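Dear colleague,

I am handing over a structure for you to look at, and my notes on its aromatic rings follow below it. Please keep it open while you read.

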Amino acid sequence: MTSCTEIREIAERYGTPSFVFDLEILTERFAEMRKIADGRYHLCYSIKANPFLVPCMNEIADNLEVCSPGELAICKSLHVHPEKIIYSGVNKGEKDVTEAFAYGVCTFTAESVNQFHLISRIAEQMDKKVSVLLRLTSGTQFGMSEEDLLSLIEQREAHPYAQIDGIHFFAGTQQKKPEKKKKELAVLKALFEKIRSGYGMELKKLEYGPGFPVPVFEDDDFSDTLKPMKEFHETLKETAGWADLTIETGRFISAECGTYITRAADLKSSYCILDGGINHVSYIGQMMGMKVPVIRHLKTTDNTDKKEWILCGSLCTVNDVLVRKKELEGLSVGDILAFDHIGAYSVTEGIYLFLSRTMPSVILRENKNSFRLVRNPLETSELNTPVI
Ligand SMILES: Cc1ncc(COP(=O)(O)O)c(C=O)c1O
């Protein structure tokens, strides 16, 4: 983990607020996941969780799940192997799909009948066969109903360029109940069987997002953060017996490697105003700062007075409370507060444009004392300025 000494150095060198993502932690964790998978199933990284990890994940993951033209543009500029990309997303336009084809993407998910027809038509125009995974809905706007899915299976011969190879299913994020997922996998198994016996078609692949949960708050259990995958491995192994299985995760791979570095900018009564804020921080389940993430306090003074603080950000909203109650020892202006386990979604989900504040710099820690600045602090005022 990025040490306290390194955090001080990063804050000095690159300023605050900033994100640091530790590639040693990331690669070690991914290697552990590989060990658990034991070659039974493939591992796909959902880049929405943190695109700054793409160069590393491109080398070590089997696939990268890409969900928008913007995410595809990131992959293109980073020269991601196109055959690794699974092009997904609830809204795929003609231009998006054509660009993905042109880049060499050969696997698409179809989230609706219309999407399937669009992919099929473009594939035919480009005279290029592609693999399509039909996304089954889990009861949300994503994916299609079983009825629609079966209708596409029925029509498959009319679409020779869009080869239906399997099913895509996402259980939801931060899923803490393995029983629910087991039931969903049983439904999927029955669907594979139904397609085999009722439609004479052998589906090969299952692209499955288990939404493995991660601990992030002080009270969470950090004793074995890989436990959700270990506990679910037998079920996945069984699943790999009837489908060529890929598991697709974002949070589980990336959460642990990230730290958000802020400084106390001002102190008054019980309020600590940080130079960052909720615009950069997204911990799932942390409503109104009620839960306390793991925070390291790096002091600049010898002050030892303990006090409870309300940790607020720099936005003009009473909602900008990162933590409602946190006891800290000798907190002084200029001290660093480093929020750990922030590698997933914070860098992408924040309300970055509010108040036109500067976006944090992003630093990759390659190994001990070796850092690489991969994004300078980014001014957002230009994005909020009308052209006159
Ligand atoms: C289709 C799909 N797959 C995978 C993921 C990644 O989920 P998680 O970060 O919980 O692993 C998401 C997240 O929204 C998703 O929508």
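Which residue lies over the face of Phe232, and at what distance from the ring centre? Lys181 does, at 4.9 Å from the centre of that ring. A charge is said to sit over a ring if NZ of Lys or CZ of Arg is within 6 Å of the ring centre and within 35 degrees of the ring normal. The charged end of Arg29 also sits over a ring, that of Phe252, 4.4 Å from its centre.

Please bear in mind that this is a predicted model, in which local features need pLDDT of at least 70 and side-chain atom pairs count only at pLDDT 80 or more, while totals for chains, interfaces and linings use all residues. Residues are numbered from 1 along each chain as its sequence is written, and side-chain values use heavy atoms, with hydrogens and water left out.

Rings of Phe, Tyr and Trp (its six-membered ring) pair if their centres lie within 6.5 Å, and planes under 30 degrees apart count as stacked, over 60 as edge-to-face and the rest as tilted. By this rule there are 10 aromatic pairs. Among them, Phe19 and Phe21 are stacked, because their ring centres are 5.8 Å apart and their planes lie at 15°. Phe19 also forms a tilted pair with Tyr260, at 5.0 Å centre to centre and 35° between the planes. Phe19 belongs to strand β1 (residues 18–22) and Tyr260 to strand β10 (residues 258–268), so this pair ties together parts that are 241 residues apart in sequence; strands here are DSSP runs (E, at least two residues), numbered from the N terminus.

Ring pairs link Phe19, Phe21, Tyr260 and Phe339 into a cluster.

Best wishes

Conventions. Helix = DSSP H or I, 4+ residues; strand = E, 2+ residues; numbered from the N terminus.
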